[in-house]
Amino acid sequence: MAYEFKLPSLGDGVVGKVLDILVQAGDKVSKEQIVLVVGTDKVDAEMPVDADGEVEAVLVKKGDDVTEGTPVLRLRTDAASAPAPTAPAAEAPAAPETASVAVSVAAPISSPPPAVQTQESGKLRVSPLARKRAKEFGVSLGDVRAADGAARISYKDVIDHVKNRIGTSSPAAAGTGI
């Protein structure tokens, strides 16, 4: 079944610019995998896909202006993995002007961050939020592995690494609230 993944809300009337496309036609994607980075005046937002499937086509290109509802990808999915259709917007209650999707805020950097080196695949990219969380938790990104052989270390990969480290350490470390 073909499914069109559309850009979620960036905020009321906010226009973003496609900064990075992390997948291409033929790639397999899983639900919650980051597929796109969109920048606005205030934040860079990592956009996760909402279904498992295979990318049939990327419908935007780097530098495109996008708003809520812009078709981003066409996926080939199983009927069971496609998200349920949502009610028409006219029936939904009006959202407050301050409503927005959860986004990661990337601090401006003067030069590109170094890629993480792995023995298996050469260089590996790291999302800005993953880099920030690794720094906060004192985690070396060289120790973190991307899930399912992904080409990019995500926030979730860093959190999973920290949880595993806590699970294998002393009981006193489990009280850190991670």
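What percentage of the 178 residues of the protein count as buried? In this predicted model, the share that counts as buried is 33% of the 178 residues. The secondary structure comprises two helices and 11 strands, and reading along the sequence gives the pattern β-β-β-β-β-β-β-β-β-β-α-β-α.

**Overall surface and contacts**
- The accessible surface of the protein amounts to about 11000 Å², and 53% of that surface belongs to carbon and sulfur atoms.
- Among the contacts in the protein with a separation of 6 or more, 59% are accounted for by residues 24 or more positions apart.

**The four-stranded sheet**
- Four strands form an open sheet in the order β5-β4-β2-β7, and their pairing is antiparallel; the edge strands are β5 (44-48) and β7, each of which pairs on one side only.
- Within this sheet, strand β2 (residues 16-21) pairs with strand β4 (residues 34-39) in the antiparallel sense over four bridges, and K17 has G39 in β4 as its bridge partner.

- V60 lies in the loop between β6 (53-58) and β7 (65-66), and V60 counts as buried because its relative accessibility is 9%, which is under the 20% cut-off.
- Leaving aside residues up to four places away in sequence, V60 touches V18, I21, L36, V66, T70, P71 and V72.

Key
Residues are numbered from 1 along each chain as its sequence is written. This is a predicted model: local features need pLDDT of at least 70, side-chain atom pairs count only at pLDDT 80 or more; totals for chains, interfaces and linings use all residues. Side-chain values use heavy atoms; hydrogens and water are left out. Buried means under 20% relative accessible area, exposed over 50%, partly exposed in between (1.4 Å probe, protein chains only). Contact means heavy atoms within 4.5 Å. Two strands pair if DSSP finds at least two bridges between them. Accessible areas come from the Shrake-Rupley method with a 1.4 Å probe; for residues, only the protein chains shown count as cover.
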